[in-house]
Protein chains: 2
Amino acid sequence: MRHIKWMGALLLTVIWHGQMNAVSGARVEGSTFDNRLLPQPAALRSMDGEFVVAPDFAVRFDGPSDVRLQSAVGRLMAALHDKAGVGLPSSTASNPANAALTIKVHSAGSAIPTAEDDESYHLRVATNGITLEAPTDYGAIHGLETLLQLVQPSQSRFVLPAVEIDDSPRFRWRGLLVDCSRHFEPVAEIKRTLDAMEIVKLNVFHWHLTDDEGVRVESKVFPKLTQIGSDGLFYTQQEIRDIVAYANDRGIRVVPEFEMPGHSTAWLLAYPELSSGNAPTGIRRQFGIAPYAMDPTRDETYQFIDRFLAEMVTLFPDAYVHIGGDETSAPDWKTSPRIQAFMHAHDLKDSAALQAYFNQRILKILTRLNRHMIGWDEIFNPALPRDVLIQTWRGEASIATSSAEGYQGILSAGYYLDGMQSAETHYLVDPAPSQAALTAKQRSLILGGEVAMWGEFVNPETLDSRIWPRAAAIAERLWSPESVRDIDDMYRRLDAVSVQLEGLGLQHVTHQDVALRTLVGTEDVSDLRTFASVLEPDSFAMRFGRNQASQLDPLNHLSDAVRPDPPARREFDRLTKAYLKAPQHSSAKQHALEAYFRALAGCSAAVKRQASTAPGLQEIQTRAGQLPELARIGLESVDALAAGTVMSAEWHTHATALIAEAEKSSGNVHFVFLGPLKALVLAAKS
Amino acid sequence: MRHIKWMGALLLTVIWHGQMNAVSGARVEGSTFDNRLLPQPAALRSMDGEFVVAPDFAVRFDGPSDVRLQSAVGRLMAALHDKAGVGLPSSTASNPANAALTIKVHSAGSAIPTAEDDESYHLRVATNGITLEAPTDYGAIHGLETLLQLVQPSQSRFVLPAVEIDDSPRFRWRGLLVDCSRHFEPVAEIKRTLDAMEIVKLNVFHWHLTDDEGVRVESKVFPKLTQIGSDGLFYTQQEIRDIVAYANDRGIRVVPEFEMPGHSTAWLLAYPELSSGNAPTGIRRQFGIAPYAMDPTRDETYQFIDRFLAEMVTLFPDAYVHIGGDETSAPDWKTSPRIQAFMHAHDLKDSAALQAYFNQRILKILTRLNRHMIGWDEIFNPALPRDVLIQTWRGEASIATSSAEGYQGILSAGYYLDGMQSAETHYLVDPAPSQAALTAKQRSLILGGEVAMWGEFVNPETLDSRIWPRAAAIAERLWSPESVRDIDDMYRRLDAVSVQLEGLGLQHVTHQDVALRTLVGTEDVSDLRTFASVLEPDSFAMRFGRNQASQLDPLNHLSDAVRPDPPARREFDRLTKAYLKAPQHSSAKQHALEAYFRALAGCSAAVKRQASTAPGLQEIQTRAGQLPELARIGLESVDALAAGTVMSAEWHTHATALIAEAEKSSGNVHFVFLGPLKALVLAAKS
């Protein structure tokens, strides 16, 4: 990586807006630089002045420029056209001497992105021009995304603040898993996801293509996999090639996952001869762990997998193939005399040992096919060589354990989006925190992490709102220095990136209104929108625990409409904390809280009426019934606090009981304001 | 078409909700049938009871079922799955004896849809099952769409009211033109458009593929057409085949338009040898009429077009090819001695005669290629035989003129969506009103009409909101009996169909919020949303007249965000009319109006602030400045009316002046409430 002279040790962490000057000897009096970069770069120096984006904005290549880089520049130009009125790429002169942006890439880099690519870049915005320098295309693509996020309005025009950025990722493996088996996600949804990944510098698309509920990848060698195991919902080989190329164009690797030996019901339905005993009789519809597995004792199993993987590597050029390997419930392995005899003969003492034997054989196949193996925690076994990569889902401790044993690892525990946790919660999970007792060698084995979007309760309509913008917060954790962890600032920038993603066509924000309108059948959903704004969907575990849901259930409930970590959660929290500092001297905050509670009380009657007539709203009748009383005690608390009066113990008991009732699970959704409300109720009593 | 016994002459118009019983001898006491069908069917009989949609809803074919019909049933099942929880198509038994829906199609119909297809169907929903019968696939597809619109919530489940429908279109040509030359619309946008067309039973996609601003169709014979004339934005032949197949699947014809001899700048840029004199030096960016045309005097021109059309008909199987022909401004034709000599030699007295000569030669080519010619008004010329089809854009009178001369015609005058008129305005335009002095023969020559979406100010983001839901109102005009013209009822059903279209993925409603967020860069746009809700975009003519806009201008202004014919327009109108009937005795309406005006006043400060900092909002600073004063006089009017006091003449003069000022054009948007406000101000004075 190119060394930047001015970048001393003190500057090796991100410099926050304004503060940086204090560190580097300030040259930016009066700078209006609004740092909305997400992820934050490794190092940034703000300078005087700004570069004005003009309609004749053009790009010059000072070095090699292959199709991938030109395509990235085309996307930049299209975005600048939409945002800032720059001419269409084709209408500006190509490679003009007086280009606004000069790009110097030292070499095009590997033909496809790999885990070893140098992704660094150096970006310099001066008042008279912009230069982007990078060792490879991959770094240059990241630099272009940073450049785009720097564009900001300034009166009647758009500018980039003068700035020098020297950036490279903290972790080289920054992935997003999308489960396309439990619910199929069409090509358009996958492409939108890749578009968004590029923006936040995620670089591995982990494509979960097979599971109990469906095989989604076309095999011409074994066509029954999709003929029998997919409900007709799968990616053709042409579509897969198209998506791999689309990702490649954005510097994103595609790592396919083929679950084996468990999580393979759909596969075993198509080819029962692979089964270790009982073969399934249909595609698995109920979620959870299915009691089927492949037979690790028969050579034919490996011959089948060999042929299958040999075909798959023609579609997926990445150096890694994910074999799943998690949650192998294989009752047959324990009861089949034949399998037990095999285990005895091979000195395999339990199912885990048998699975390790299976993995060793698969590893041979992959090695011959010139691929590395990656698998979930359960493949971790001393029987396997050190060059397998372990993906950790069972807890953050696992990654330390496997790295202590010398295995490379990536972290997904803490990054499961179906837990419906806040961006903040995920954001604070670090794959290799500095306080952890890890040797330098062990740290070097931790390659990064992956966001995981499991598909039980996610369909093409809801995909975006379940992934974004929360995944962007994790993307920053995987890219930026460990010290970047200011929650408020993260949310401020997340808001900007959320709008940027919308501009690309993502539907994470709009989906809620669309779903509400579909639920009630009319365009005006103002009351229902107010109600929905203070609800969050329950986690996968809560929803699944209550209701052993099936793949065939439609995802058309209010819980599918509302977003995890909605703005109202933070707004209520922020407002209440601020108000409680001086309740008798914060009339603006008092009025804001009152307005909130009044709006909630005001929408209740209409929502209750709709909940009794719209089938998709039946399940939230209880919640609709709770809202007016909760709003009332909120108003009463604020009134008392503002007036300096004290509510009775009886009132407090009643209010607390109401809140406790509302905390119980109901309708697969929960209120986001109960914490602040509790604080208000408590304060109003004392 | 199957004759329905109960369908007497009295029933040959649509029976409105409830009223129908009075006509047919009522059997529906207590029926809760909420007729939201759009377009309304030719005849409908409501019956007792309802059919309950159960999860095992399955379909049986009692007769032929080809791929097209099965694919339509697949879409129905997917929609029922999303809406009403029916299982996935593949998870229900195929062709079961106890199917909920039995489909009987007499014959699959023509391989591709044609203007001669029988599109009728008969749909009967009984409490114990549904039957759909149709002479062809095409009718059956329409029937399936009607069936889907009948599904409605009833407590915790979904039902279809028992009903018998006998339906067929009033006009056989029900088209939608999309101009993909001035702005390119990618494949996804075209498919969304076709999805929506199917819902409202439009059956001709008129694809405007070439114009001055770009050639969008790949020619392998003449590759420079797109290499030079498209900015790289065009449909490959594979994409065209894909779209034609997609449309075919939905019973929609695809009629391509290749503009000649005018509107051909991009074409002449690629092949200057076709030009009648001066050849263009670049793709035309400025909108308006370009001074270039093909040379009608050279045989080479016809040889070129012959080879081009011969290639095109391999892509477009429809029996019609549209040759444009409008607005041929060809100064060379008048000044070139060679062309003048040719005209003299052939006894062609003017440019129109020369164009008629050109059209005759093109007609010969098309006839040899087994295609009918369709063109705009300007091709109407006695020199052409009677089997050309005239598309009327210059006024509703033209279609009467051409049909009087024995030409077939379709109407587009009155259906130009870029006029940004209300759905209501378009809805009342009838291609062949019964009061028009037309003979039966002349009426039979009027095949229908086409909605026209010209592309000067439309890009992929704004396309949906410019077409929908307004085009649905025109679709009803072209399908339903002439007597169906109740405006309020149309809007009630348009609201439902608008939500249905959203469920398909259309962005006509969500786009506004997305665009507002992009304009200001944050997720919360509540104030700007209030402001935008009372604005409409100016018409193409107004915007173009003020500013000779270019294809390269980004469409990122507030005028691109706001929707034509927004709900607030009708709401203000309705509320004001109702209030003014008894202003001192309508407190609910009074409060609603006050709340409206207060909200408008309330958002003004924030909007003014944003307008001064966001470049895309600069142009609406004047509008933002006008709003608080307009809101204030609105409030003052209502206050005075409610109190029974009279405002002074001075106040009235001032208020009237404010409104007059606000009526002036500014920022390419206008307020939708000035009419009602004027009425309030007038009432408050007297």
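In this predicted model, helices α17 (487-503) and α22 (567-581) of chain A each supply at least two residues to the lining of the largest cavity. A search of the whole structure turns up nine cavities of 30 Å³ or more. This briefing covers two of those cavities, then two helix pairs in chain A.

**The largest cavity**

- The volume of the largest cavity is about 120 Å³.
- Its lining has 13 residues, and those closest to the centre are P469(A), L494(A), R563(A), R570(A) and E523(B).
- α17(A) gives the most to this lining, with four residues.
- By class, the lining of the largest cavity holds six nonpolar, one polar and six charged residues.

**The second largest cavity**

- The second largest cavity has a volume of about 100 Å³.
- Among the 14 residues lining the second largest cavity, M420(B), F457(B), D538(B), F540(B) and R543(B) are the closest to its centre.
- The lining of the second largest cavity splits into six nonpolar, three polar and five charged residues.

**Helices α22 and α26 of chain A**

- Two packed helices are described by the angle between their axes and the distance between the axes.
- The crossing of α22(A) past α26(A) is left-handed.
- From α22(A), the contact uses F572(A), D573(A), T576(A), Y579(A) and L580(A). From α26(A), it uses P676(A), A679(A), L680(A) and A683(A).
- The contact of α22(A) with α26(A) counts seven nonpolar residues, one polar and one charged.

**Helices α4 and α6 of chain A**

- α4 (residues 187-199) and α6 (residues 237-249) of chain A pack at an angle of about 10 degrees, with axes 10 Å apart.
- α4(A) and α6(A) are therefore roughly parallel to each other.
- α4(A) and α6(A) make a right-handed crossing.
- On the α4(A) side, the contact is made by V187(A), I190(A), K191(A), L194(A) and D195(A). On the α6(A) side, the residues are E239(A), D242(A), I243(A), Y246(A) and A247(A).
- The contact of α4(A) with α6(A) has six nonpolar residues, four charged and no polar ones.

Notes. Residues numbered from 1 in each chain as written. Chains lettered and ligands numbered in written order. Predicted model: local features only at pLDDT ≥ 70, side-chain atom pairs only at ≥ 80, totals over all residues. Heavy atoms only, no water. 1 Å grid on protein atoms, 1.4 Å probe; cavity = no way out; pocket = protein on both sides within 12 Å on 5 of 7 lines; lining within 4 Å. Points joined across faces, edges and corners; volume = space filled by probe spheres on them. Nonpolar A, V, L, I, M, F, W, Y, C, P; charged D, E, K, R; others polar. Left-handed = near helix turned anticlockwise from the far one by under 90°. Contact = heavy atoms within 4.5 Å. Axes fitted to C-alpha atoms, helices over the stretch in contact; angles between N-to-C directions. Parallel < 35°, antiparallel > 145°, perpendicular 65-115°, else oblique.
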